[in-house]
Amino acid sequence: MADKFTIGLVQMKCTANGEENLTRAIGKIREAAARGAQIISLHELFHGEYFCRKEDAELFNLSEAVPGPTTEKLAQVAKEKKVALVVSLFERRAPGVYHNSCAVLDADGSFLGKYRKMHIPDDPLYYEKFYFTPGDLGFPNFDTKYARVGVQICWDQWYPEGSRLTALGGANVIFYPTSIGWHPHEKSQFGAAQLDAWKTIQRGHAIANGIYAAVVNRVGFEGKPQNGDPGLEFWGNSFVADPFPRLRTTKKKFSLSNATPPRARTYAATGPSCATAASTPINPSSTAGSAKNSVPSPARFLLSLFCAFVVFYALSVSGVYADPVGATAVLNSFSR
């Protein structure tokens, strides 16, 4: 494994055409690899639209074996570009048993294993309990060529236990493939608070566990209001957080050529209208101690709270917390 590695997040809009989505995803993987990404994650259930907006037995036909045809195609790309991949799919385990799963492929195309989503929602337009059986594989880590990674999937991100157990397994970074958005009738009243809560809970996992959190969400509107399907507006905003509360959002696009002082970390969240492949250099040794495998000490916790207050105050005064539209999620280089 490398001392430093670069991760990529592919955020994109999906259609009901699986082959079209797969082709687009492969193109974005190649784009991220060209920008230096070594471990690349796709968002949740990228192979189609987010079908759990309704309960329909016909939609079980969208499932496939994992490993299976999609992982085989992506394994070829992984081997060609020498990148590890985190791939979210609708897994058909056996007749009547289905999972929301993530396959992890190494840079030589080999299948390292999979994680099955543990926490299954059952809310309006998120009827996942109709389709998915809760996972039974625990909270595994995967040793890729470049780093040890863990996976949590969407609704898992709201619960601390999975992230804690995954971090205790030694993960350098936890990927959170996601499909989350606004109900159209709720956005004006609750939208800003929902988005802020979503960002905050996952940054909290990074801080509490001393790991990096890489969160990738889909974008675009899916639904047919004219046919009684109000649909969901997926908000994008993919981002990477480190163990310190230093996530900044800005309208400026960052590139890997931006100079950054030692230990400085600059993030840009990805806006709701942006389909992009972004790469983010990561240096695990730059985090404080070896917190990823231990419970944070009281001193570290108090220091984190103090830093959070100072950074939030400074950034709010300077106005850099403005929500982006179309910003590219790229972390500038930094070192110990």
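The protein chain of this structure has a secondary structure of five helices and 16 strands, and the model that shows them is a predicted one. Of the 336 residues in the protein chain, 53% count as buried, while the accessible surface comes to about 13800 Å², with 58% of that area belonging to carbon and sulfur atoms. Among contacts between residues at least 6 apart in sequence, 75% join residues that are at least 24 apart.

- Strand 1, which covers residues 5-11, is mostly covered, since seven of its seven residues are buried.
- Both faces of strand 1 are covered, with Phe5, Ile7, Leu9 and Gln11 buried on one side and Thr6, Gly8 and Val10 buried on the other.
- Strand 1 runs parallel to strand 2 (residues 39-42), and four bridges join the two strands; within this pairing, Gly8 has Ile40 of strand 2 as its bridge partner.
- Together with helix 1, which spans residues 18-34, strand 1 and strand 2 make a right-handed β-α-β unit.

- Strands of a sheet pair through backbone hydrogen bonds, and the pairing may be either parallel or antiparallel.
- Strand 11 pairs with strand 14 in the antiparallel sense over two bridges, and Gly181 has Phe234 in strand 14 as its bridge partner.
- Strand 13 and strand 14 (residues 229-235) also run antiparallel and are joined by five bridges; Phe221 has Glu233 of strand 14 as its bridge partner, and Lys224 stands opposite Asp229 in strand 14.
- The hairpin of strand 13 and strand 14 has four residues between the strands, and in this hairpin Gly228 takes a positive phi near 85°.
- Strand 14 is largely enclosed by the rest of the structure, because five of its seven residues are buried.

**Aromatic residues**

- A search of the whole structure finds 19 aromatic pairs.
- One of the residue pairs to look at is Trp198 with Trp235, whose ring centres are 5.6 Å apart and whose planes stand at 65°, so the pair is edge-to-face.
- This pair links distant parts of the chain, with Trp198 in helix 4 (residues 187-209) and Trp235 in strand 14, 37 residues apart.
- Trp198 counts as buried because its relative accessibility is 0%, and Trp235 is likewise buried, with a relative accessible area of 2%.
- Elsewhere, a single aromatic cluster is formed by Phe51, Phe60, Phe90, Tyr98, Phe130, Tyr131 and Phe132.

**Cysteines**

- A disulfide is a covalent bond between the sulfur atoms of two cysteines, and the structure holds zero disulfides.
- Cys14 has a relative accessible area of 2% and is therefore buried, and Cys102, with a relative accessible area of 0%, is buried too.

Key:
Residues numbered from 1 in each chain as written. Predicted model: local features only at pLDDT ≥ 70, side-chain atom pairs only at ≥ 80, totals over all residues. Heavy atoms only, no water. Disulfide = S-S within 2.5 Å. Buried < 20%, exposed > 50% of the residue type's maximum accessible area, 1.4 Å probe, protein only. Pairing = 2+ DSSP bridges. Right-handed = clockwise from strand over helix to strand, strands pointing away. Contact = heavy atoms within 4.5 Å. Areas by Shrake-Rupley, 256 points an atom, 1.4 Å probe, with all protein chains shown as cover. Phe/Tyr/Trp six-rings, centres within 6.5 Å; stacked < 30°, edge-to-face > 60°.
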